[in-house]
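Please look over the sequence and the model before reading on.

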Amino acid sequence: MASNPPGACCATGFKHEGTPIGEIKNINGTETYIVYPKGNQTPEKAILILSDILGIYTNTQLLADAYAANGYLCVVPDLFRGDCRTLEQFESGNADLPSWLTNHQSAVVDPVVEASIKYLRQELGIKRIGAVGYCFGGKYTCRFLKPGKVDAGYTAHPSFITEEELASISGPLSIAAAEIDPIFTTALRHKSEEILIDTKQPWQINLYSGVSHGFAVRSDLSVPHFKFAKEQAFAQAISWFCQYL
């Protein structure tokens with residue numbers, strides 16, 4: 001594996017404060033959060049957020065709004081069709097992650113991602129798509145980083161990526177990694193570097209000290225260092241897409 005399967009750390013963290021400005025639409029049978037850049041209802045570039053196992057919730061929506069504030073149409077499809085996990089389930093011990101994961105393998109998730117890409121390109125006329133994968137979603141950023149699918153990718157603290165999936169990317173990929181991460185470990189990070197070199201694609205891995213898996217989306221923002229790392233990871237994504245999207 002280039003990164004390990006999701007674990008309990010994938011659903012620990014803090015809900016962030018704020019009011020999302022986008023809307024949830026049913027797009028070809030999938031609930032999707034969508035937000036347009038201010039003053040531009042016909043953008044040519046889009047960001048497709050492939051979420052962690054918590055799906056569409058405030059933290060993810062606020063991140064989508066932030067991408068839109070930087071000029072991109074942003075969509076967040078419900079990869080789990082109403083069956084996401086919640087922080088409350090993990091806190092109460094009722095998440096049953098192993099059983100849940102068996103129902104959300106690639107055969108089930110791939111069609112949702114495929115339909116979102118089709119919607120963006122064929123119905124909205126989007127010319128260039130960047131995929132952002134948080135945790136669980138990192139796997140699908142890699143799987144769809146192919147010609148005609150996703151043009152550039154970014155993932156923070158990815159999980160579930162196989163070496164074959166990482167080796168098969170056909171576009172630029174940026175990774176934000178946490179120093180403390182049982183999913184994307186130091187050994188797996190170095191292995192990923194070796195694989196990425198062989199792809200001959202542009203890539204980067206930025207390592208953030210003193211933070212844990214999930215820091216780019218679920219950090220405790222009352223801690224200055226955590227807030228700084230989250231904001232820098234977002235800035236990393238924006239810089240990457242400015243260059244390659």
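How many helices and strands make up the secondary structure of the protein chain? The answer is nine helices and eight strands, as found in a predicted model. The radius of gyration is 16 Å, close to the 18 Å that the globule rule gives for 245 residues, so the chain is as compact as a globular protein of that length.

**Overall form**

- The C-alpha trace of the protein chain spans about 40 × 40 × 40 Å along its principal axes.
- Of the 245 residues in the protein chain, 54% are buried.
- Among contacts in the protein chain with a separation of 6 or more, 73% are between residues 24 or more positions apart.

**The sheet**

- Eight strands form an open sheet with mixed pairing, in the order S1-S2-S4-S3-S5-S6-S7-S8.
- Strand S1 (23-27) and strand S8 (203-212) are the edge strands; each has a single partner strand, so one side of each is left without a neighbour in the sheet.
- On average, and with direction ignored, neighbouring strands of this sheet are turned by 25 degrees against each other.
- Strands of a sheet pair through backbone hydrogen bonds, in either a parallel or an antiparallel manner.
- Strand S3 (residues 45-50) and strand S4 (residues 73-77) run parallel and are joined by three bridges; Ile47 stands opposite Cys74 in S4.
- S3 also pairs with S5 in the parallel sense, over six bridges, and here Ile49 stands opposite Val132 in S5.
- S5 in turn pairs with S6 in the parallel sense over five bridges, where Gly133 has Thr155 in S6 as its bridge partner.
- S5 is mostly covered, as six of its seven residues are buried.

- Helix H4 (residues 106-123) lies across S1, strand S2 (30-35), S3, S4 and strand S5 (128-134), and runs at about 165 degrees to S3.
- Helix H9 (residues 224-244) also packs on the sheet, touching S3, S5, strand S6 (152-156), strand S7 (173-180) and S8. The direction of H9 makes about 170 degrees with that of S8.

**Helix H4 in detail**

- The 18 residues of H4 should span 26 Å at 1.5 Å a residue, and the end C-alpha atoms of H4 are 24 Å apart, which agrees.
- Which residues of H4 are buried? They are Ser106, Val109, Asp110, Val112, Val113, Ser116, Ile117, Tyr119 and Leu120.
- An α-helix has 3.6 residues a turn, so residues three or four places apart point the same way.
- The cover over the buried residues of H4 includes S1, S2, S3, S4, S5 and helix H5 (137-143).
- After H4 comes Gly125, which has a positive phi near 75 degrees.

**Helix H1**

- Helix H1 (residues 58-69) has 12 residues and reaches 16 Å from its first C-alpha to its last, close to the 16 Å expected at 1.5 Å a residue.
- The buried residues in H1 are Asn59, Thr60, Gln61, Leu63, Ala64, Asp65, Tyr67 and Ala68.
- Gly71 follows H1 and has a positive phi, near 100 degrees.

**Ser174 in strand S7**

- Ser174 is placed in strand S7 and is buried, with a relative accessible area of 0%.
- The side chains of Ser174 and Gln236 are joined by a polar contact of 2.8 Å.
- Not counting residues up to four places away in sequence, Ser174 touches Gly153, Tyr154, Thr155, Gln204, Gln236 and Trp240.

- Thr32 lies in strand S2. Is Thr32 buried or exposed? Its relative accessible area is 4%; because buried means under 20%, Thr32 counts as buried.
- The side chain of Thr32 reaches the backbone oxygen of Thr30 at 3.1 Å.
- With neighbours within four places in sequence left aside, the contacts of Thr32 are Glu23, Ile24, Lys25, Ile27, Ile56, Val75, Val76 and Pro77.
- Ile27 belongs to strand S1 and counts as buried at 11% relative accessibility.
- Not counting residues up to four places away in sequence, Ile27 touches Thr32 and Tyr119.
- Ile27 and Cys242 are 215 residues apart along the chain, and their C-alpha atoms are separated by 28 Å.

Technical notes: Residues numbered from 1 in each chain as written. Predicted model: local features only at pLDDT ≥ 70, side-chain atom pairs only at ≥ 80, totals over all residues. Heavy atoms only, no water. Pairing = 2+ DSSP bridges. Helix = DSSP H or I, 4+ residues; strand = E, 2+ residues; numbered from the N terminus. Axes fitted to C-alpha atoms, helices over the stretch in contact; angles between N-to-C directions. Contact = heavy atoms within 4.5 Å. Expected span 1.5 Å × (residues − 1). Buried < 20%, exposed > 50% of the residue type's maximum accessible area, 1.4 Å probe, protein only. Polar contact = N/O pair within 3.5 Å; in protein donor to acceptor, adjacent residues only side chain to side chain. Rg over C-alpha atoms; globule rule 2.2 N^0.38 Å.
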